Amino acid sequence: MSRAAARLAPVPAVVVLVALAATTGLAGCGGPGAVVDRLVVCAGPTAEHPTGSPAVISLRQGGREVASASTSYGALVALLVPSAPTAVFVDGRPAGTASFGGEDATADPASLPAPDDTVIATARATDPATVDGYIGLTGLGCPPTTALGLG
């Protein structure tokens, strides 16, 4: 679990990124050694965006969206992504990055090659119950990660 890292960008809204250092080996489409990570994102509420206001979370790798969710400020949302440095956007604004280690762990996610369609489809098709473990960062206005019952 020590291989996870998260960086938050200076943005007007407080954004909390909980990086679940969760991996699972994938057979078939992703090939041997392919890995899926789980990210849990909570856009912290602000005066401009109070709790319950709609928010769109976008996770990008190599400039390509690999997962997204419509949620609300102050709510946790869990998404599976291919294992690679991932940029987090809230309502189209950069909000932080997460990396689960490896040789590209400190790279800017936008500077890396985008995953192909098969890798993204494999991540989306992964059973969330097979992805274990997590590391969490918490912030103001967001519930604890235990609220998702992820362990």
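Author: Welcome! Helices (H or I, at least four residues) and strands (E, at least two) are DSSP runs, numbered from the N terminus. Here the chain has one helix and eight strands, and from the N terminus on they run β-β-β-β-β-β-β-β-α. This is a predicted model, where local features need pLDDT of at least 70 and side-chain atom pairs count only at pLDDT 80 or more, while totals for chains, interfaces and linings use all residues. Residues are numbered from 1 along each chain as its sequence is written, and side-chain values use heavy atoms, leaving out hydrogens and water.

Reader: Thanks! What share of the 151 residues of the chain counts as buried?

Author: Buried means under 20% relative accessible area, exposed over 50%, and partly exposed in between (1.4 Å probe, protein chains only). Of the 151 residues, 43% count as buried.

Reader: Which residues have the most contacts inside the largest nonpolar core?

Author: A nonpolar core is a set of buried Ala, Val, Leu, Ile, Met, Phe, Trp, Tyr and Cys residues joined through side-chain atoms within 4.5 Å. The largest one here has 19 residues, and those with the most contacts inside it are Leu39, Val41, Ile57, Leu59, Leu79, Val81 and Val90. Strands E3 (36–43), E4 (54–61), E5 (64–72), E6 (77–82), E7 (86–90) and E8 (93–99) each give two or more residues to this core.

Reader: And what does Leu79 touch?

Author: Contact means heavy atoms within 4.5 Å. Leaving aside residues up to four places away in sequence, Leu79 touches Asp37, Arg38, Leu39, Ile57, Leu59, Ala67, Ser68 and Ala69.

Reader: How should I read the helix: which residues of H1 are buried?

Author: The general idea is that an α-helix has 3.6 residues a turn, so residues three or four places apart point the same way. In H1, the buried residues are Ile120, Thr122 and Ala123. Seen down the axis, they fall within an arc of 160° (taken from the directions from the helix axis to the C-beta atoms), so they line one face of H1. These buried residues pack against E3, E5 and E6, whereas Asp117, Arg124 and Ala125 on the other side are exposed.

Reader: How many salt bridges does the structure hold?

Author: A salt bridge is a side-chain nitrogen of Lys or Arg within 4 Å of a carboxyl oxygen of Asp or Glu. The structure holds one, between the side chains of Arg64 and Asp117 (2.2 Å, N to O). Arg64 lies in strand E5 and Asp117 in helix H1 (residues 117–125), so the pair ties together parts that are 53 residues apart in sequence. Arg64 is partly exposed at 30% relative accessibility, and Asp117 is exposed at 53%.
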